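Please look through the model shown below.

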Amino acid sequence: MTIVIFGGNGDLAHRKLLPALYNLHVDGLLPPRMAIVGVGRKELTDEAYREFAKDGITKFSRRPLDEQPWSSFSKMLFFINASIDGEQGLASLGARLDLIEHEGRLPGDRIYYLAVPPTLFAPTVKQLARARFVKRESSPADHPFARIIVEKPIGRDLDSARAINDAIAEVFDERQIYRIDHYLGKETVQNILVMRFANSIFEPLFNQRYVDHVQITVAEEEGVGTRAGYYEQAGALRDMIQNHLLQLVALVAMEPPHALDADVVRDERLEVLQSLRHLEGEAVDANVVRAQYGPGFNVGKPVPGYREEKGVDPNSRIETFVALQIFIDNWRWAGVPFYLRTGKRLPKRASEISVHLKEVPPILFNANPAARLDPNVLSIRIQPDEGFSLGISSKLPGPDVRPYPVKMDFHYGSTFGASTPEAYERLLLDVMHGDATLFMRRDAVEAAWKWVMPILERWAQQSDPIPTYPAGEWGPPVADRLIESTGRRWRGL
Amino acid sequence: MAGAVGERLFRESSAETIDDDLAALWCELGQRGTPIARAVMSNLVVFRDRVAPPDGDLATVMADLPLDEVIARHPSRLIVIEYQAGSQQPDAPFAAGVGIATFGPESARYGVEQVIVRSACAEVALPSIVRRLTRGDLPTSVWWTEDLSAVPPLESLVTMGRQLVYDSRGWRDVRSALRVLEPLVRRHQIDLADVNWRRLSPLRRAFLQAGPGGTPLVAPGASVRIAHAASEAPLAWLLAGALMASSRAALKEPPVVGASEVGDAALVVTLEDASQRATVTLSASGATVAGPAAGSPLVVSIPIETAADAVAAELRLLSQDTELHAALAALVQLFAAR
C-alpha cells in the first residue's frame, strides 16, 4: 500500500499524519509492504524528508521516538517534488511512484491524502484523473484500489462545499472518498456509541422523557495563533460548529443503527442533521450568540485580543465564540434543548458532552427550595482527561441524612494505563481497511452546511458590534443569558 | 477514608503541560495492574502568600500543612498556589508541578491529584490560573492559610470559590481580620468556614442548654466577661460575637473580652445577672459549666478532631454556616461602632 500525502511537508503532516503513521507502525498495524510518499512543491530529498518526519515524531508523537522502530519506519518514507500546475501536472509523480512500488513490490493500492488548502482540492483531483491514477471502484473489494482523504474545511458555504464534492465525485466514487472530521476518530467519541448501545442503563434514558437538556462544549485555550489567514475567512461557526459539534450532536442523538456498517451508521447520523430545527431571521438572534475574544490572561500571562493578533483585520467581525440553543424535531428529542458552545481563548482546553437528566420531584430530599439537589448528569469527556462520569447524590457519612453530590467516574488513563491512540491513527487505519463509518458522507456535509447557512446569512446582514469577552473567561455574559433565561446554566468545566 | 499516603508520584510541569503530565502519571499508575480509582469530590485551592527560594523543591513546598491528611479524608483536586504579590510584570515567573497521592488498601486504592503552582503574576491575572486548574463541575473551596489580618484575601481569587476556609486561631489582630472579612460577611456570597469556630461548638451547646431546666444560660439582663489565654483572643471574640448574635436581647451590654490568667483553659466565661453567677470554662477536654444551679458541674465534651479532620469536615459542608455568619456580622457591627 502507498499513502501519498499532498502537502506532505506541511504542518498537518508534520504534527499529525507522520506521528500517527509512526505509532501505527510501532503497534504493528501498518501493512508489511508500505510506502509513505510526501508530495510538495519544495525540493526535498528522501533523506531530508525523513529528518522532517523524525522531527515531527519527536515533538508530537504520543510515544517517544524509539530508534529500532524508527529505523524500519524511515525506510518507508519518500518525498517527491511535484506541482499540480501545468499540463505535465503529476507526470513526474507517477513515474517515481511506479518505481517506488516496483522496488518495494507493492501491490499498487493507493491512498491519496489531500493535506492542502481547500482551494487545491479540485485542481489536485483533476490532475490525479489526468495522470490516470484513479480507477472508479465498482466494489470495495477491488484491487488495486485508489482512495482519497479530504481534510476539512469542505467549503465555506453550501455552494462551495457542493462544488468541491462535485469535483471529487467526477473522479472518485463516493465509496472511495473519506472526508475526515478528526473529532470522530477520538476514542471517547467512538465510545459514545459503545456507551449508548452496549449498556442497558443509559439508552432507555436518552429521550425527552428523562433528559432535561444536553450541553456540548468544545473549548480551546489557544488564540488564533498562526491561522489568522484561514480563520478570518472562517470563524467559529464554520470552523467548529458546522462540522465537529454537529457531528457530536448526531452521535449523541442518533437512533440505534441496525448494524455497525458504515452506511447504516451514517444514515442515522444524517437523520439527526435533517431533523434539526431550522433557525432563520429573528430566531437566529434569539438562539445564537457570537462573540470575539478581547485582551485578557492565559494562566497568569497577558494575551492580546483577537483584533490585535497578527494577520487579523483590526476591524474584524469574525466570531471566535459561538453559543447556540438548538432543537431536534423528532419523536425522541422533541422539546429537549441542546446547548452548544465553542470558542477560542477560553480558560482551558476541554471538550465535553453532558446529558442533564430531569430533576427528581421536589419532595423528600429535594424538598428544600433553597438547597435543591444537583440533577444527575452524565458527562462524556472527550479531551483532555478522557472518560465519563455520572453525577449522583449520595448520603454523606454521619448521623444526619445529608445528600452530597458524588461522581461515578471512569477515567481512561487510570483504568487502561495507556495513552489513547490519536484520532488520526484510527482514521488512517480505517481508510486502509476501507471502513468509512467514522467519515462524513457527502449528504451529511451538505446537510450541515444547509442548516448553518441561514445563520451566516443573518449575520451577514447585521452591522452592530459583536460582543467581546476577555481572553481566559468562559465567553460573554450574553452567552450565559442564553441558557440562564431558561432556568439552566452552563456546566462548569 | 482517612489513611496514610501509599505512594506519591510527582513531576515538574509547566503551564502548557499540566494536563498531559497528570494524564501521564495516571497512565503510569494504571500500568501497574492494580486497579486505582481517581477520587475527586471538590477543588481545594490552597493559597500561600510566599515564595520559596527559586530552587526550592515544589514537591515539599507545603510540608508544614496537613494537606495529605485533608485530601485523604475529603478527596479533592488539590491546587496549591504559592503567590508572590505585587508583581506587574507581563512575563511573571511561573513554575508548576503535578502529583498524585494514593491512599487506601490495595483492593480499594484511590488517587488524588495535586497541582502546585508558583506564580508572581498580577493579581488581576490570578483567576486565569485558577479557572484553568479547577474542575468547574465540582465545588471549589479556597483555603486561606495566611493570617487574614496580615495578608488580606485576594477578592479576585476568593470569589471564585463557593467557600473560604481559614483558621482564626492565627490572627494577630482581630479587628484587622474582621475588617477584611466584612465585605464577605455583608454580601453573603461565599460560605465562610472558620476552623477555629469548630472549637466553640461545646461551649455554644453549653450556652444553649445549661440554664435552669435546660434553658439558655444567658438570662435577661446578664453581663458576660470572657477571659482568654494570651493566644486565644480570636476564639474569645468569636464567642462574644456568637453570644451577641444569639442572645442580643438578653445581654445588658456586649461581652467584655480580655486576656487574663486562665490556667490550662483557653477561655473562662463569667455570667452574672441579678440572681445568679455562672462560670463556663473551655479547655482541651471540653466545656465545663459551674453554677448556676447547685450540684455537680455540667460537662460538654469536645469531639476529638485533628486539624485535618476539622478542615475536611468544613469542606464537606455545602451550605452556609449561618451561626458563624451571624457571629461575624455582630462583631463587625460592634467594632464599627467603637
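The angle between helix H5 (residues 121–130) and helix H6 (residues 158–169) of chain A is about 5 degrees, and their axes are 9 Å apart. Axes are lines fitted to C-alpha atoms, for helices over the stretch in contact, and angles run from 0 to 180 degrees between N-to-C directions. Helices (H or I, at least four residues) and strands (E, at least two) are DSSP runs, numbered from the N terminus. H5(A) brings Phe121(A), Ala122(A) and Val125(A) to this contact, and H6(A) brings Ile164(A), Ala167(A) and Ile168(A); two residues are in contact if their C-beta atoms, placed from the backbone, lie within 7 Å. By class, the contact of H5(A) with H6(A) holds six nonpolar, no polar and no charged residues. Here Ala, Val, Leu, Ile, Met, Phe, Trp, Tyr, Cys and Pro count as nonpolar, Asp, Glu, Lys and Arg as charged, and the others, Gly among them, as polar.

This is a predicted model, in which local features need pLDDT of at least 70 and side-chain atom pairs count only at pLDDT 80 or more, while totals for chains, interfaces and linings use all residues. Residues are numbered from 1 along each chain as its sequence is written, and chains are lettered from A and ligands numbered from 1 in the order in which they are written. The predictor gives the complex an ipTM of 0.87 and a pTM of 0.91. For chain B the mean pLDDT (the predictor's confidence in each residue, from 0 to 100) is 88, with 92% of its residues at 70 or more.

Another helix pair in chain A is H1 (residues 11–26) with H2 (residues 46–60), packed at an angle of about 90 degrees with axes 8 Å apart. H1(A) and H2(A) are therefore roughly perpendicular to each other. On H1(A) the contact uses His14(A), Arg15(A), Leu18(A), Pro19(A) and Tyr22(A), and on H2(A) Phe52(A), Ala53(A), Gly56(A), Ile57(A) and Phe60(A). This contact has seven nonpolar, two polar and one charged residues.

Leu93(A) belongs to helix H4 (residues 91–103) of chain A. Why does Leu93(A) count as buried? Leu93(A) is buried because 23 other C-beta atoms lie within 10 Å; the cut-offs are 20 or more for buried, 12 or fewer for exposed, and partly exposed in between, with C-beta atoms placed from the backbone. Not counting residues up to four places away in sequence, Leu93(A) touches Val39(A), Ile80(A) and Ala82(A). Asn81(A) is twelve residues from Leu93(A) in sequence and 7.7 Å away in space, C-alpha to C-alpha.

Between the chains, 29 residues of chain B are in contact with 28 residues of chain A. H1(B) gives the largest share of the chain B side, six residues. That side has 15 nonpolar, seven polar and seven charged residues.

Within chain B, an automatic or database domain assignment gives domain 1 (7–194) and domain 2 (198–301). Their centres, taken over C-alpha atoms, are 37 Å apart. Four residues of domain 1 of chain B are in contact with four residues of domain 2 of chain B.

Helix H8 (residues 307–316) of chain B has the buried residues Ala310(B), Val311(B), Ala312(B), Glu314(B) and Leu315(B). The elements of chain B against which these pack include strand E3 (42–48), helix H2 (67–73) and strand E9 (191–194).

Note on methods:
Angles under 35 degrees count as roughly parallel, over 145 as roughly antiparallel, 65 to 115 as roughly perpendicular and the rest as oblique.
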